[in-house]
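Subject: Structure handover

Dear colleague,

Please look through it before reading on.

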Amino acid sequence: MKTYNVITIFPEMIDAVFKQGVVSKALEKGIISINPVNLRDYAEGRHLVTDDYQYGGGAGLVMKPEPICEAVAALREKSNTFVVLLDPRGVKFNQKTAEKFATDYDNITFICGRYEGVDERVRQLVVDMELSLGDFILTGGEFAAITVIDSIARLVPGVLGDETSADDESFTTGMLEYPHYTRPVEYKGLKVPDVLTQGNHAEILKWRRDKALEITRRNRPDLLDISLQDIESRKKICAEQKRGLSKKLKLNVALMHYPMRDKQGDIVATAVTNLDLHDISRSCRTYSVEKYYVVTPIKAQREIASRVIKHWMNGFGSTYNPNRMEAFAHTELKESFSESLLDIEKRHKQRPLIVATTAKANKATITARQLGVQAEQQPVLLIFGTGWGFADEVLETADYIVEPIEGVGEFNHLSVRSAVAILLDRITEI
Ligand SMILES: C[S@@+](CC[C@H](N)C(=O)[O-])C[C@H]1O[C@@H](n2cnc3c(N)ncnc32)[C@H](O)[C@@H]1O
């Protein structure tokens, strides 16, 4: 059971408010307990004084420290409690704090100020957190405590009838909520938007999202800034993790030009292209691939490719664009697939896992993410085909076939360099 204590000089106020509504039912069921603590029970003297004039002069009374501290001590004797002072000087209350309170604490004590507020030493001695409802002044902390308890209580499992109804509201989604309508369909000339009465759920979802965004932009653009800040911090965390990953990955890529199928299904050697040389080298460097092998048995093709690479590594290109030199630093030409395998085995003293790529979903045996995890444990050679796809003999040597990249329409013919880039991004996704 969750317990909310409220230290106040007006305990009846708290009782009265929670006699009605959803929270009263949760109290009856024993899911939560709200416990008003009469501050006067801890006051001394004939008049049970809880406030006094302030030092230094100035209008208004201040709540004395002794009764409040003793009330807290008495509660803490019974159970561990998180003590919150309601005060305009506190941090601003919001839905995130409500969620944290509802999940992280079983027992919370709220101290309600009155007059000019509480003696400063209360904060120093017993308060864990100071909380404000917003930039305005109330006559007493009870109004704030009631509001805060109400918003926490409804998040405690079992308090709301339908457990999901707290999921979709303003602030929970990072935006204000969309407009709601009920019957009648037309009232004083104002009609319920057609989209809501036509039963197309995808359209309704879209309308609600658009409206939520429109209202948030208009009334609370600051909320959108907060979501952007979240994106910023997520980006930072991902960047750090990705940098860590770059040191662990044992991933290698081979672009196969033989044995490939042509349009008729015959086995052929395809031509090396300048675009694939450049772009795949750059993608591989970007994703910390150990080596990019360009595999062709045709000597003349390897010679042309070698001239291109040399131009950027040692020739004029190396001074004209040193980035390219860096991109090509891990690109190698190989006569056969087994030559690239051997090269990896020599470096790692271990045979790499051979993973083929295909456009056919039904052949896939590993997801991109799983492959990323594997490539942290052992060397991997990820092979890409050209022409009309691999000859069967290549697929048969593969330990796994990675899931294909799906577009959004019927047309699905990515260039191999696009497929390499997309797959590398998915494999290294954090
Ligand atoms: C009249 S107010 C005191 C205001 C105080 N002198 C000041 O200017 O910050 C009396 C009590 O109401 C409560 N209160 C007033 N405004 C509040 C707010 N925005 N959020 C939380 N509690 C508030 C606090 O418990 C406060 O001690």
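**Domains and model**

The C-alpha centres of domain 1 and domain 3 lie 64 Å apart. The protein is divided into domain 1 (2–166), domain 2 (168–247) and domain 3 (249–427), with bounds that come from an automatic or database domain assignment. Please keep in mind that this is a predicted model, in which local features need pLDDT of at least 70 and side-chain atom pairs count only at pLDDT 80 or more, while totals for chains, interfaces and linings use all residues. Residues are numbered from 1 along each chain as its sequence is written, and side-chain values use heavy atoms, with hydrogens and water left out.

**The ligand**

A backbone N or O atom of Leu86 lies 2.6 Å from an oxygen atom of the ligand, a polar backbone atom of Glu116 is 3.1 Å from a ligand nitrogen, and a polar backbone atom of Gly141 is 3.3 Å from a ligand oxygen. The protein buries 84% of the 580 Å² that the ligand exposes when taken alone, areas that come from the Shrake-Rupley method with a 1.4 Å probe.

**Salt bridges**

The structure holds 27 salt bridges, each being a side-chain nitrogen of Lys or Arg within 4 Å of a carboxyl oxygen of Asp or Glu. In one of them, Arg114 pairs with Glu142, with the closest N and O atoms 2.9 Å apart. Because Arg114 lies in the loop between β6 (107–112) and α5 (120–126) and Glu142 in helix α6, this pair ties together parts that are 28 residues apart in sequence. Both Arg114 and Glu142 are buried, where buried means under 20% relative accessible area, exposed over 50%, and partly exposed in between (1.4 Å probe, protein chains only).

A salt bridge also joins Lys248 and Glu376, whose closest N and O atoms are 3.7 Å apart. Lys248 lies in helix α9 (residues 221–248) and Glu376 in helix α15 (residues 368–377), so the pair ties together parts that are 128 residues apart in sequence. Lys248 is partly exposed, with a relative accessible area of 46%, and Glu376 is partly exposed at 27%.

**Backbone details**

As background, most residues other than glycine have a negative phi, and most peptide bonds are trans. Here, a cis peptide bond joins Arg183 and Pro184, with omega about 5°, and Pro184 is found in the loop between α6 and β8 (186–187). Another cis peptide bond joins Tyr258 and Pro259, with omega about -5°.

Tyr115, in the loop between β6 and α5, has a positive phi near 55° although it is a residue other than glycine, and Tyr115 is partly exposed, with a relative accessible area of 41%. Lys188 is not a glycine either, yet has a positive phi of about 45°; Lys188 is exposed, at 74% relative accessible area.

With kind regards

Definitions and conventions:
A polar contact is a pair of N or O atoms within 3.5 Å; within protein, one must be able to donate a hydrogen and the other to accept it, and residues adjacent in sequence count only if both atoms are side-chain atoms. Helices (H or I, at least four residues) and strands (E, at least two) are DSSP runs, numbered from the N terminus.
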